[in-house]
Amino acid sequence: MKTILVTGGAGFIGSNFVHYMLEKHDDLHVLNLDALTYAGNLENLRDVETHPRYTFIHGDIRDKDTVDGIFERYTVDYVVNFAAESHVDRSITHPEIFLSTNILGTGVLLDSAKRHWSDRPEDKYCRTYREGVKFLQVSTDEVYGALGKTGLFTETSPLSPNSPYSASKTSADLLVRAYGETYGLPVNITRCSNNYGP
């Protein structure tokens with residue numbers, strides 16, 4: 001059985017992802033690491049809290065001991081990083097929280113994944129990892145900035161963040177990219193548009 005670590009899985013998008021993965025994949029154990037800040041709500045997951053392939057872990061992605069402990073206790077195959085401070089207005093008032101969680105927290109996750117997945121963790125130049133592992137950074141289209149009345153963004157659009165929130169997500173994306181380029185860590189970055197629902 002494969003194990004997926006979902007960070008921020010009690011939020012709106014994360015909780016829907018947890019439900020989807022449990023429904024679609026019978027061979028997957030879902031770990032949900034969430035700090036339960038303003039956006040996290042365990043009511044979103046009440047119907048799966050006793051599911052045999054679901055484990056909730058209350059913790060912060062910035063906490064190295066917590067993250068390392070998860071990698072040491074479970075054989076994590078995939079990381080899907082939804083965890084982030086969000087909303088532009090909040091970032092204008094408290095940018096330091098966004099920089100800490102979105103950038104440093106992503107760095108903690110990357111370091112732990114690199115160390116625990118590496119074929120030779122003691123060798124800083126090792127670029128080979130356990131087969132099948134993947135780190136997925138869930139980002140936002142806001143890293144591209146703003147459009148005029150017409151137009152569209154593509155994956156090759158220049159990064160042009162306009163708020164502390166989007167700058168922190170851009171920074172995290174670049175950090176993920178750097179771990180892929182420097183260390184060969186298997187990574188992907190997604191940049192979805194705004195999401196809405198009930």
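**Strands and helices**

Modeller: Asparagine 81 lies opposite glutamine 137 of β5. This is a predicted model, in which local features need pLDDT of at least 70, side-chain atom pairs count only at pLDDT 80 or more, and totals for chains, interfaces and linings use all residues. Residues are numbered from 1 along each chain as its sequence is written, and side-chain values use heavy atoms, without hydrogens and water.

Biologist: How do you know that strand β4 and strand β5 are joined?

Modeller: Two strands pair if DSSP finds at least two bridges between them. Strand β4 (residues 78-81) and strand β5 (residues 134-140) share 4 bridges and run parallel, so they count as paired.

Biologist: What makes β3 and β6 stand at the edges?

Modeller: The open sheet has 6 strands in the order β3-β2-β1-β4-β5-β6, with parallel pairing. β3 (54-58) and β6 (187-192) each have a single partner strand, so one side of each lacks a neighbour in the sheet.

Biologist: Why is α2 called roughly parallel to α4?

Modeller: The axes of helix α2 (residues 64-73) and helix α4 (residues 95-117) cross at roughly 30 degrees and come within 10 Å. Angles under 35 degrees count as roughly parallel, over 145 as roughly antiparallel, 65 to 115 as roughly perpendicular and the rest as oblique; therefore α2 is roughly parallel to α4. Axes here are lines fitted to C-alpha atoms, for helices over the stretch in contact, with angles from 0 to 180 degrees between N-to-C directions.

Biologist: Which residues of α2 make the contact with α4?

Modeller: Lys64, Val67, Asp68, Phe71 and Glu72 of α2 do so, where contact means heavy atoms within 4.5 Å.

How values were computed. Helix = DSSP H or I, 4+ residues; strand = E, 2+ residues; numbered from the N terminus.
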